[in-house]
Amino acid sequence: MELKGRRTILGNLAALLAAPFFMGRATLIRALAPAAKKNSPLPPRISLPAHSVKRRG
Amino acid sequence: MREEQPHYWRSLEERGASPEALQAAHDELKPGTLAPADSPVTGISRRNFLGLVGATAAVAATAACDKSGKAFVVPYTKRPKEVVPGVANFYASTFPEGTRSYSVLVKTREGRPIHITGNDEHPGLKGKTSPRALADILRLYDPERLRGPKLQGHSATWADAEKVLNTAIANAKQAGKAILLLTGASTSPTRKALLAELKAALPTLEHLAWEPALGEGAQEAATAVFGTSLQLKPRLENAKVILSLGADFLNGEDPEAIAAFTSQRRPAEPVKTMNRLWVFEGPLSLTGSNADQRFPVPPSRLAALGFALAKDLGLPLPAGAQLASLPAPADIPAEAWRKLLEDLRSAGSGAVVLCGAAMPAEAHVAAHLLNTMLESKCLEVRPAEPLAGLRDLEAARKDMASGKYAAAIFWGVNPVHAFPDAEAWNAALAKVTTRVWVGLLEDESAAGCALVLPEHHWLEAWGDHEDGALLTLQQPTVGALYDTRQGEEVVLAILRGLGAAAAEDYRAYLHDRWAKDVHRGPVPFERFWQAALHDGFVKTDAKTLALPAFRGDAVKAMAEQARKTSGAFELMLRPGTQVFDGRYGNNGWLQELPDPITKATWGNPLAISVADAKFLGLQDGDRVELAVAGRQLSLPVLLQPGQAKGVLALALGYGRTVGGVAKGIGVNAFPLIDMQSPCPNLIHDVKLTKGKGRTQIPFTQNHHRMDGRDLVHSSSLVEFAKVKKKPAADLATLYPDLQFPEHKWGMVIDLSACIGCSTCVLACQSENNVTTVGPEQVAKGREMHWIRIDRYYEGSEENPRVVHQPMLCQQCDHAPCENVCPVNATNHSPDGLNQMAYNRCVGTRYCANNCPYKVRRFNFLEFTAYKTEPESLVYNPEVTVRPRGVMEKCTFCVQRIQDARIRAKAENRPVLDGDIVPACAAACPSQAIVFGDLKDPKSLVTQLSRTRRGYKVLEEVGARPAITYLADLKNPALEVGE
């Protein structure tokens, strides 16, 4: 294995594995996973209609 | 069928057989379908790539250790009795659309609506509905829906909003200042009663009901000749001859008219007679494409044509009517004119003349005159709400600018988009102290209003609607998704604020009014009410209205008006087939639905005749500058075969500036309207010059070509009578015949009945979770519709004949796609279906390559995975949502087949003919699609497939498709060559 290439890859890997200990897990999770937006809009609420009459079901 | 097949073409490129067209026909995928961005990443070595993969895996493992964001699945401990998981509930309701309403049946699963069909118990609709009704379920789950009131751009409670509104109204009343209420049209008598109560409590209220896209000629003409505003609904069951003056009655908006018209288009054996449709129009419409005899005539000359017909008809004129001598239009051959007169005279009261809504008043008067002279029995008279016109809006604008109004309330209208001078409107609106907007999706008009009140979607709301002798009910099919209220409840809140006695909510108001004014008979009201909600409608005592006496004195002036001709170009503005007046602009299903004639999606190109385009040196997509009385518009053109010379056509409802989907799509044509013109939708003296550059129009007419073979059969009645049925081709095959022990599902599609309205496309999209892909992807040929309508032209570019052919997976017995799949993801079921195992597919696309019908759709990108609530709530849980890299196609609605089989088994009986109705067949207003068991000799599908008109597409390929097409038959007055 080429010495220069192996060093680069191992160095990158070490940096990536060490990142959580410096960034903090919460920051890492937010960076990787979709974050909930602040003041996110009301989610839709599915409920049955109160006085409707169904045809069949 | 003619013994030598004429040449059918789908586009001008195909007709001209340009090298590009020939190459496109040869290539499986369009240029750009496999764009460079889709190619594998290059420029990295395998070693580095594996290194990156290792690092990513390590990081992902760390991220996966997180325990936050956990959720729980909680089953019902007290299940609502109406909800059985896995079993759908159906509710009857009504879809309101301005001056029309449609009685519908809404399918819900686990409490949420997922599919809309027509109300099967409605005596007229019989289970059919309009395409926009089917698609509007998407608007219920639009993520941009307003979720609560807003005051000065900030969220507010309803209590605060009502306080602000009522204070403003009370102040206005005390000061004696006027209040403007601008709404859309409505067919609801209860809403009208409520607004009448509001007017009584607030005498300074000025209410205008406005439909911006419909044109004003019909109302003006009805008032002139009948003395009142009325609506004439076509009743075509017994119509022998139908003459259309620019009337597009087959565009899907009137399913009853479509069913009645096509009921006489299925000649049984032996072939007897058919009705005959004559169409005179400028742009080629869906109705024109189904005509037996069509002549392109500029819309400005249709009135003169109508009066000339009345003069030459030889029947007595109504009292007081005078017609000066008018020559027949020069572009109508004398023989055709003679035959038209002969047809009308012989049909008598079985003839009817229909005039398009966008036509000028004089054309409508000519149609009324002809119907009166013929004593036509093919029209039903219905009262119509007098609507405000543009001149009324302009007067209101001036009043706003002068400070007349203390408050303005906009409910269900978007004047900033639809009023021709939006700048002047906004400037005038700024002078009104209190501005209130009530609607579903925040639009251009909401931006100028301080108080924004979100209303229920119609699927969440109560209402009633007049439908001739019926009164249909609208009931919620789901509880309100957000903190919204019904628009009528805003009115009730105003009434309470004024100190008037008002019901607590609109349901109570409706219930009480029905108890008082609608309920008749011995049945107790509560039972009557429950039955009405169950059925979706009640029959009323309303008698059929008689047509008022015709005022002949109006004819002379209108006939004089008809003599005026247009300048170089005339522009016809018509409501968008998909977006209507813009209200559906945010609906992806409708934006991506190909226009039935132009096959354009995601936009509104300017349609121009081929001759005019050649003269100006224009091709599809070239940009032009349109100039009308100082107003200019830059947009792309689309060459339209069959369009009259000198006529331009443009759809309204595009060019929105608000809306995640609608924004930036197409151009807004409303600013071109001249407010002082008596016919706003028909604009004369339009100047057209070639502009700079091109815009790619995403249209589908060249996609999925089955090139150069015997695809459609079309003939005239006279020629068909001479044709003998060819025996089935005896094709040798190496494959063993498949055995179907129990059922063999098949389909028959009648091309005579199919009008090309594309309702089936939307129904399939709704039922089978078919995704939309957007304009860029459509331009690459990646649209995902499982069923498409291929539109074929035949004959000259100036006036071609048109045939529409629905094309879907043919479920071939010897399917070419099944043999080439390397992982056996597609195979054949014991009941004749070509199946797809989505999770087995690895995406080689070899099956699509081998399919001669080009009906397989590949998920090139991840079109669905990003969708979260509320968008994902529209999905049908019975159908898999397909991810990226997977092939999909029509399954004959296998979920409905399985459902019917399970029911039959539970009831210990065989599956009966008619138990299974795929979504496309259920939606088709002309019942052109029939599904059933080909192993049952008594089933309708088997009987139809054996008729003389039956043929299979690409039979010579030997795939043995399970779909039989019935040849299109027309009933022209003049045979080809005459």
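## Two loop residues with positive phi

Asn908(B) lies in the loop that connects α28 with α29 (919–923) of chain B. In this predicted model, the phi angle of Asn908(B) is near 55°, which is a positive value in a residue other than glycine. Is Asn908(B) buried or exposed? Asn908(B) counts as exposed, because 6 C-beta neighbours are found inside 10 Å of it, and the cut-off for an exposed residue is 12 or fewer.

Phe892(B) belongs to the loop between β34 (887–888) and α28 (894–906) of chain B. Phi of Phe892(B) is likewise positive, with a value near 60°, and Phe892(B) too is a residue other than glycine. The surroundings of Phe892(B) include 25 C-beta neighbours inside 10 Å, and Phe892(B) therefore counts as buried, given that 20 or more are needed for that class.

## Packing of α7 and α17 in chain B

Helix α7 of chain B, made up of residues 189–201, packs with helix α17 of chain B, made up of residues 487–497, at an angle of about 25° and with 10 Å between the two axes. Because angles under 35 degrees are classed in this way, α7(B) is roughly parallel to α17(B). The crossing of α7(B) and α17(B) is left-handed.

Which residues make the contact of α7(B) and α17(B)? On the side of α7(B) they are Arg191(B), Leu194(B), Leu195(B), Glu197(B), Leu198(B) and Ala201(B), while α17(B) contributes Glu488(B), Val491(B), Ile494(B) and Leu495(B).

## Domains of chain B

Chain B is divided into four parts by the domain assignment: domain 1 covers 150–214 + 387–539, domain 2 covers 217–383, domain 3 covers 566–694, and domain 4 covers 710–717 + 744–970. Taken over C-alpha atoms, the centres of domain 1 and domain 2 of chain B are separated by 37 Å.

Residues 189–201 of α7(B) and residues 487–497 of α17(B) fall in the two segments of domain 1, whereas Phe892(B) and Asn908(B) fall in domain 4.

## Chain A

Chain A contains two helices and one strand, and along the sequence these elements follow the pattern α-α-β. Chain A has 57 residues, of which 5% count as buried.

How values were computed
Residues are numbered from 1 along each chain as its sequence is written. Chains are lettered from A and ligands numbered from 1 in the order in which they are written. This is a predicted model: local features need pLDDT of at least 70, side-chain atom pairs count only at pLDDT 80 or more; totals for chains, interfaces and linings use all residues. Axes are lines fitted to C-alpha atoms, for helices over the stretch in contact, and angles run from 0 to 180 degrees between N-to-C directions. Helices (H or I, at least four residues) and strands (E, at least two) are DSSP runs, numbered from the N terminus. Angles under 35 degrees count as roughly parallel, over 145 as roughly antiparallel, 65 to 115 as roughly perpendicular and the rest as oblique. A crossing is left-handed if the near helix is turned anticlockwise from the far one by less than a right angle, and right-handed if clockwise. Two residues are in contact if their C-beta atoms, placed from the backbone, lie within 7 Å. Domain bounds come from an automatic or database domain assignment.
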